[in-house]
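The sequence and the model are shown first.

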Amino acid sequence: MKKKHVKTMCGLLTAAVCLAGCGNKALDGTQTVLTVNGTQVSLGTAMFNLRYQQSEMQSYSTMMYSMYGMEMGALWDEPVGSSSEASEASEASETSAASETSETSEAGEASGASKTSEAGEASSSSEAKKNQTYGEQFKDTCMDGLADMLLLQEHMEEFSVVFSEEDQAAADQAAEAFVKANDEELLQQNGITAANVAEYLKLYTIQQRMHDPMVADVDKEVSDEEAAQSKITYVRLATSETDEDAVKEEKKAHAEEILSAIQGQADVASADMEALATPIDENAYTTDYTYGADDGSLAEAVRTAADTLNDGELYGSVVEADGVYYIVRMDAKLDRESTDQEKENIISEREDELYQEKLDGWNDAADVTVNEKLWNKVKVTDSYIYTVKQAESEADEVSEASEAGAAASEASEAGSAAGEVSETSETGSVADGSDADTGSAAPDAAGGSTAE
């Protein structure tokens with residue numbers, strides 16, 4: 001097993017890269033790694049984006065496994081498609097990235113630069129994709145997200161989005177605080193400077209501010225019929241394929257008895273079904289359940305029975321589905337609270353679709369070039385782990401320094417995330433990002449709030 005080297009940098013970027021004795025040279029962060037319609041991005045900015053998101057994903061995955069008393073194994077070195085925690089982490093990273101991973105085609109140029117596109121990629125690139133690890137796939141996703149950020153910046157004037165001088169000053173201040181609070185050698189190893197951090201914060205700010213105006217025209221009218229959600233309560237008695245017939249018959253008899261007990265109540269609509277079911281069968285499971293037209297989890301037989309009922313009515317017989325017995329009551333044919341929430345969900349889905357549709361259109365027309373030779377030097381591996389750590393004392397200092405007007409307040413969270421560098425000796429001793437938004441793809445940082 002490879003020895004894992006773990007270091008943690010507090011702040012927006014938290015890293016665990018072995019510097020001493022590993023023979024790695026510091027990256028030249030000034031080289032251009034991405035060009036979108038003529039706008040260039042340096043390797044240093046791409047590295048900040050990558051390492052920040054990597055640290056967020058590592059810390060989040062570790063936290064989730066720790067919650068269940070499990071030790072997380074390989075995350076980045078697993079082949080794509082393997083059944084491991086890497087698969088879950090990859091799905092989460094794709095969700096948090098600004099866009100879906102686009103395919104990369106090799107142009108065979110001496111410089112190693114190649115254009116990214118979803119169609120017409122070379123067969124050699126296709127084969128490479130098949131053999132990707134989750135770390136390599138994660139790199140692609142981060143690069144695609146960065147390209148999306150550049151396209152959003154390119155179109156910001158069309159939507160009256162502004163990044164002011166005050167915003168830039170706040171981003172610069174937050175970036176300087178971050179660099180000051182973190183290990184200089186580690187930053188150099190990744191080719192990251194304060195200017196790179198500030199550039200990323202600017203792109204992220206614009207990305208956040210672009211969303212609302214881009215989806216302003218979405219249809220926000222949703223009828224009750226379209227969003228309708230019904231609420232039922234059911235008692236569930238389960239059997240298994242290995243149960244003998246006598247056991248199954250006993251369960252069915254218990255279900256019939258529970259049904260009769262509920263039917264015997266003066267007010268069936270308000271009857272405590274769980275209190276009536278448990279004395280008859282201690283393994284009976286009672287719950288309420290809300291469903292709509294597109295629900296695929298509720299057993300079809302249960303849904304069919306429920307759909308025949310009006311508010312407060314109990315289905316007149318035990319419903320059987322796949323060896324499970326149900327007693328079903330309709331609590332609300334149209335549950336107001338759940339229906340209103342579903343309306344919000346539908347509007348949100350429409351906004352996401354419109355946003356992605358516009359972004360996809362820009363991508364289709366864009367001239368995107370990635371310096372693959374340079375980018376391939378960067379590795380995302382389990383051998384060097386990046387994690388999140390929060391230093392409260394440093395956070396307080398930077399937070400105070402960031403309160404210079406409205407723009408500066410947007411940067412305060414970025415600056416307040418910065419802290420001291422610490423090193424852990426054990427692989428599993430991962431710093432806890434107590435104030436870090438470990439589920440997000442990017443910092444709620446300088447200008448991280450969306451425009452009102």
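Asp 331 is partly exposed, with a relative accessible area of 24%. Its side chain meets that of Arg 329 in a salt bridge, with an N to O distance of 2.8 Å. Arg 329, by contrast, counts as buried, at 6% relative accessibility. The model is a predicted one, and the structure holds 9 salt bridges.

Lys 343 is buried, because its relative accessible area of 19% falls under the 20% limit for burial. Asp 224 has a relative accessible area of 30% and is partly exposed.

The side chains of Asp 340 and Arg 336 also meet in a salt bridge, at 3.0 Å from N to O. These two residues are 4 apart in helix α12, so about one helical turn separates them. Asp 224, Arg 336, Asp 340 and Lys 343 are linked in a network of salt bridges. The accessibility of residues in the network is listed below.

| Residue | Relative accessible area | Class |
|---|---|---|
| Asp 224 | 30% | partly exposed |
| Arg 336 | 38% | partly exposed |
| Asp 340 | 34% | partly exposed |
| Lys 343 | 19% | buried |

**A negative patch and a buried alanine**

A patch of negative charge lies on the surface, where Asp 294, Glu 349, Asp 352, Glu 353, Glu 357, Asp 360 and Asp 364 gather. Asp 294 is placed in the loop between β6 (285-292) and α11 (300-306). Asp 294 is exposed, with a relative accessible area of 67%.

Helix α11 contains Ala 305, which counts as buried at 4% relative accessibility. Leaving aside residues up to four places away in sequence, Ala 305 touches Tyr 315 and Val 319. The C-alpha atoms of Ala 305 and Val 318 are separated by 9.8 Å, the two residues being 13 apart along the chain.

**The chain as a whole**

The protein chain has 15 helices and 11 strands. Of its 452 residues, 50% are buried. Among contacts between residues at least 6 apart in sequence, 78% join residues at least 24 apart. The accessible surface comes to about 22200 Å², and carbon and sulfur atoms account for 44% of it.

Notes:
Residues numbered from 1 in each chain as written. Predicted model: local features only at pLDDT ≥ 70, side-chain atom pairs only at ≥ 80, totals over all residues. Heavy atoms only, no water. Patch = residues over 30% accessible without salt bridge, like charges linked within 9 Å, V, L, I, M, F, W, Y side chains within 5 Å. Areas by Shrake-Rupley, 256 points an atom, 1.4 Å probe, with all protein chains shown as cover. Salt bridge = Lys/Arg side-chain N within 4 Å of Asp/Glu carboxyl O. Lys, Arg positive; Asp, Glu negative; His and termini not counted. Charge placed at Lys NZ, Arg CZ, Asp CG, Glu CD. Buried < 20%, exposed > 50% of the residue type's maximum accessible area, 1.4 Å probe, protein only. Contact = heavy atoms within 4.5 Å.
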